[in-house]
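User: Hi! Could you walk me through a few spots in this structure?

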Amino acid sequence: MVQLVGSLRRELAESLSTCKVLVVGAGGIGCELLKNLVLTGFKNIEVIDLDTIDVSNLNRQFLFQKKHVGKSKAQVAKESALQFCPSANITAYHDSIMNPEYNVEFFRKFMLVMNALDNRAARNHVNRMCLSADIPLIESGTAGYLGQVTVIKKGMTECYECQPKPTQKTFPGCTIRNTPSEPIHCIVWAKYLFNQLFGEEDADQEVSPDTADPEAAWNPEDTAARATASEKDGDIKRVSTKEWARSTGYNPVKLFNKLFKDDIMYLLTMDKLWKKRKAPIPLDWQQLEKNMRPQEESPASGLKDQQVLGVWGYCQLFQHSVETLRSQLQEKGEGSELVWDKDDPPAMDFVTAAANLRMHIFSMNMKSRFDVKSMAGNIIPAIATTNAVIAGLIVLEGLKILSGELESCRTIFLNKCPNLRKKLLVPCILDPPSANCYVCASKPEVTVKLNVQKTTVLSLQDRILKETFGMVAPDVQIEDGKGTILISSEEGETESNNSKFLFDFGICNGSRLQADDFLQDYTLLINVLHTEELERDVEFEIVGEAPDKAPPPQNNQEEVNSITNGNKDSAQPSTSSEVPVEDDDIMIVDSDEEEAAASSSAAATSGTKRKNPDAETGETSTKRPRTDQSATADNDDNDDIIALD
């Protein structure tokens, strides 16, 4: 007769008390998971999270209280979890899992790793570390009412990076600066404007009219005279927006008239832009104050954040937010900068006001502060109960692994609505590894198309190896028979190569590079395909199964352009967000910066559908390729679709 300890077999209960597990992330899912682990009987737990507790976390991360705001999530989660089971041995790390000290040997001391992350970069990294250490990984993610749990085991299942994920959506600069047609374009512009005025200026985030717009095809010399306001209101010189703003003392009225009157009048001189479009209508502060102020409507009912103000209401919000941000800059001192944060009220007010004023100018319906925040912050708010369900499923899959029943593990999708068999939870058989995976294949190899005469060594290191292939500290040598070292992870060894072009090292069409990341115990062979025919502003292309190349979307355009994160019948696999990520229970729908620009109002959640056998009936059920966000390595923001929590 089977002996039970509580609800578990004695052998399994004893295994739980002795095995050591690692929880990566102590946010929305992580809090629920820690509580579940100690109550189930796990005694040796290590938890790591780089984030600190914010007020916005308190509505769902129940191990935290108001008194904990500003403290380490991992440390407070440990202290709170111990109240459920004082005999548990929990070690907390307030750190990034991507730091070198958490190497393969660190991962090998665990029997099981459970991810509760919120960004793609960290997920990629933990995936590789578990593959190298040959440790089972349970990956998870939530997005609103949708959730997913899956198990990854080297040689038996798909790894996290086997399925290509959608690229983050970006918008052409001329669309943002000259011809916005969707609210998200105006919101991106407003975030760029915040950085140009108060933050770190970036040439790629210019907000003034783009005179190089190829569609305009106009002669600036002939039409500049018609931009009658080009030299008014504080000598508007299109050199540095921040420098001009400082010269005016960040005067809200002068800023308003430059951005929403003078720059718009300048755009109107680009005649060809408006032949097939509705031309923008400039706004003038003095006229608005005179004509609209007396008509100020009474406050609307409902929650403040969900109200859509009138034009004059957003003018006042713009004025107030500029004055507040100006004061914050002055308090920080000369040369200081502000960082945009969706949870900072003045910053959010500024983006809401500026974006809505621009929407009005370009004849779009204005949005509430709540809607703007959802798009600007790239988030879909987390649902506490979704986190709880997913955390419970993680533990159930963990019990299967520790019972030696890995073959019975499943990928489980939590759906918003019941499927045809009236199920909210849909288990699917785990897929085998992809033969073409650039991470878990026996000999990972990719082909990169680039111009060797224009691509620098630094671009190869940062844009291709780190950003695209997720390496942390790559070493690269040329397979030229000499073993020439192109990039070294040792500081200072190859910095002199950074500004040189690949061509300078004899790299040409057909050359092969070997890239090693010793921290991840990962080697990738790169075949170079030289070309001079890349599209404008495109530095390189991955040929074949690119890591960020998503399957062609199957949804209709209306579905794609809505902020959604799952199919009507099935949840989106996330194996799930950086950046600092804003919260770990959010999902980046579309980012507008950082790589910004995933799709804010358009969540590209679509993907080609595959049919996988339902674990219970044997019938096929829709399973979508996992999508995920990225971000900065253990942070928020930024930037592709992912199930974050």
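User: Is C174 buried, exposed or partly exposed?
Analyst: This is a predicted model, and in it C174 counts as partly exposed, because its relative accessibility is 21% and the buried class ends under 20%.

User: Which helix is C174 in?
Analyst: C174 sits in helix α6, which covers residues 173-177.

User: And what does UniProt say about C174?
Analyst: The UniProt record, an unreviewed entry, has the annotation "active site" on C174.

User: Thanks! Switching to helix packing: at what angle do α2 and α15 cross?
Analyst: The axes of α2 (residues 28-40) and α15 (residues 384-402) cross at roughly 45° and come within 8 Å. That angle is why α2 counts as oblique to α15.

User: Left-handed or right-handed?
Analyst: The crossing of α2 and α15 is right-handed.

User: Which residues meet there?
Analyst: From α2 you have G28, I29, E32, L33, N36, L37 and T40. On the α15 side they meet N387, A388, I390, A391, G392, I394, V395 and L399.

User: How does that contact split by class?
Analyst: The contact of α2 with α15 has 9 nonpolar, 5 polar and 1 charged residues.

User: Where is S7, then?
Analyst: S7 is in the loop between β1 (4-5) and β2 (8-9).

User: Buried or exposed?
Analyst: S7 counts as exposed, because its relative accessibility is 69% and the exposed class is over 50%.

Definitions and conventions
Residues numbered from 1 in each chain as written. Predicted model: local features only at pLDDT ≥ 70, side-chain atom pairs only at ≥ 80, totals over all residues. Heavy atoms only, no water. Axes fitted to C-alpha atoms, helices over the stretch in contact; angles between N-to-C directions. Helix = DSSP H or I, 4+ residues; strand = E, 2+ residues; numbered from the N terminus. Parallel < 35°, antiparallel > 145°, perpendicular 65-115°, else oblique. Left-handed = near helix turned anticlockwise from the far one by under 90°. Contact = heavy atoms within 4.5 Å. Nonpolar A, V, L, I, M, F, W, Y, C, P; charged D, E, K, R; others polar. Buried < 20%, exposed > 50% of the residue type's maximum accessible area, 1.4 Å probe, protein only. UniProt positions renumbered as here; feature names shortened; annotations may be inferred.
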